[in-house]
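I opened this model to go through a few places one by one and to write down what I looked up at each. The entries follow in the order in which I made them.

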Amino acid sequence: MAFTVTVLGSATPYPRPDAPCSGYLVRHEDTAIWLDAGPGTLAALQEHVSPAELDAIWISHLHADHVADLLPAVYALLFADVRLRRPIPLYGPPGTAARISAFLSNTGRAPIEEAFAVRELHDGHRTRVGGLRLETVAVSHGFPAFGVRITDGARTFAYSGDTGPCAALATLAAGTDLFLCEADSIEPSAEHLTPAEAGRAAAGAARLVLTHLGHTVTARDAVRLAAEHFPGPVAYAAPRTVFRV
């Protein structure tokens with residue numbers, strides 16, 4: 001049975017032409033999960049599924065380059081031609097509902113609960129979406145931020161979200177078939193990983209895919225630097241790429 005991750009976008013900190021910010025579509029049989037909703041990813045998502053066909057949305061943290069497209073998604077789901085059968089489960093950090101509502105408020109609070117059934121994440125949060133099990137792991141990004149492990153029982157995919165070096169990365173990567181990991185820049189940081197650090201963090205994974213590359217590093221150099229510390233296959237999360245878990 002198919003278990004795939006489609007890259008909707010991987011740019012940071014703002015979208016470029018044909019390169020949305022962070023966002024991924026996880027699919028397993030009839031299940032579809034939108035993983036992070038950076039600017040530009042709502043349009044890219046619709047190349048594959050309608051927003052109304054999503055079984056869940058999962059947000060790693062509340063920086064705009066990972067969450068901003070939830071705002072136009074509310075308009076699509078409530079005020080346009082998209083027909084929503086029920087509010088979409090939206091898993092996000094504490095404060096997700098308040099953040100979206102505050103931005104969309106005009107004369108009063110925006111009725112986002114008609115679009116999203118918001119459920120706040122915490123370290124160790126577990127849930128099932130269709131045939132997939134999701135486990136959330138807190139990472140180090142200066143404020144509440146999370147990575148996630150997603151499994152169908154036979155294969156496991158993990159996503160780092162945005163994070164600096166931390167012990168949680170070993171938990172995320174351990175025993176995974178595919179580890180999607182940020183590698184923001186060449187310079188070490190407490191909030192982001194270098195490609196070399198991403199390579200070391202992926203030690204427990206079978207394959208590594210680098211995403212969220214900043215403007216100081218090219219995809220080719222990032223893959224080369226990560227491969228110096230990771231023995232398995234290393235790839236770059238180019239938009240529209242589909243990875244089989």
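**Entry 1: S185.** I looked up S185 and found it in the loop between strand 11 (178–182) and helix 6 (195–201), where helices (H or I, at least four residues) and strands (E, at least two) are DSSP runs numbered from the N terminus. The model is a predicted one, in which local features need pLDDT of at least 70 and side-chain atom pairs count only at pLDDT 80 or more, while totals for chains, interfaces and linings use all residues. I also note that residues are numbered from 1 along each chain as its sequence is written, and that side-chain values use heavy atoms, with hydrogens and water left out.

At 13% relative accessibility S185 counts as buried; buried means under 20% relative accessible area, exposed over 50%, and partly exposed in between, with a 1.4 Å probe and protein chains only. Setting aside neighbours within four places in sequence, I listed L193, T194, P195, T216 and V217 as the contacts of S185, contact meaning heavy atoms within 4.5 Å. I also checked S185 against R240, which is 55 residues away in sequence and 22 Å away in space, C-alpha to C-alpha.

**Entry 2: helix 3 and helix 4.** I then took helix 3 (residues 70–79) and helix 4 (residues 96–104), whose axes come within 10 Å and cross at roughly 70 degrees. The axes are lines fitted to C-alpha atoms, for helices over the stretch in contact, and the angles run from 0 to 180 degrees between N-to-C directions. Helix 3 is therefore roughly perpendicular to helix 4, since angles of 65 to 115 degrees count as roughly perpendicular, those under 35 as roughly parallel, those over 145 as roughly antiparallel and the rest as oblique. Helix 3 makes the contact with L70, L71, V74 and Y75, and helix 4 with I100, F103 and L104.

Within helix 4 itself I found T96, I100, S101 and L104 buried. Seen down the axis of helix 4, these buried residues fall within an arc of 120 degrees, so they line one face of the helix; the arc is that of the directions from the helix axis to the C-beta atoms. On the other side of helix 4, A98 and A102 are exposed. The cover over the buried residues of helix 4 includes helix 3, strand 5 (88–92) and strand 6 (116–120).

**Entry 3: cysteines.** How many disulfides does the structure hold? I counted zero, taking a disulfide as a pair of cysteine sulfur atoms within 2.5 Å. The sulfur of C21 is 18 Å from the closest cysteine sulfur, in C181, which is too far for a bond, and C21 is buried, with a relative accessible area of 0%. C166 is in no disulfide either, the nearest cysteine sulfur, that of C181, being 9.4 Å away; C166 is partly exposed at 24% relative accessible area.

**Entry 4: backbone.** As background, most residues other than glycine have a negative phi, and most peptide bonds are trans. I noted that the peptide bond from T12 to P13 is cis, with omega near -5 degrees, and that P13 has its place in the loop between strand 1 (3–9) and strand 2 (23–28). D36, in strand 3 (residues 31–37), has a positive phi near 70 degrees and is buried, with a relative accessible area of 0%. H212, in the loop between strand 12 (208–211) and helix 7 (219–227), has a positive phi near 60 degrees and is buried at 1%.
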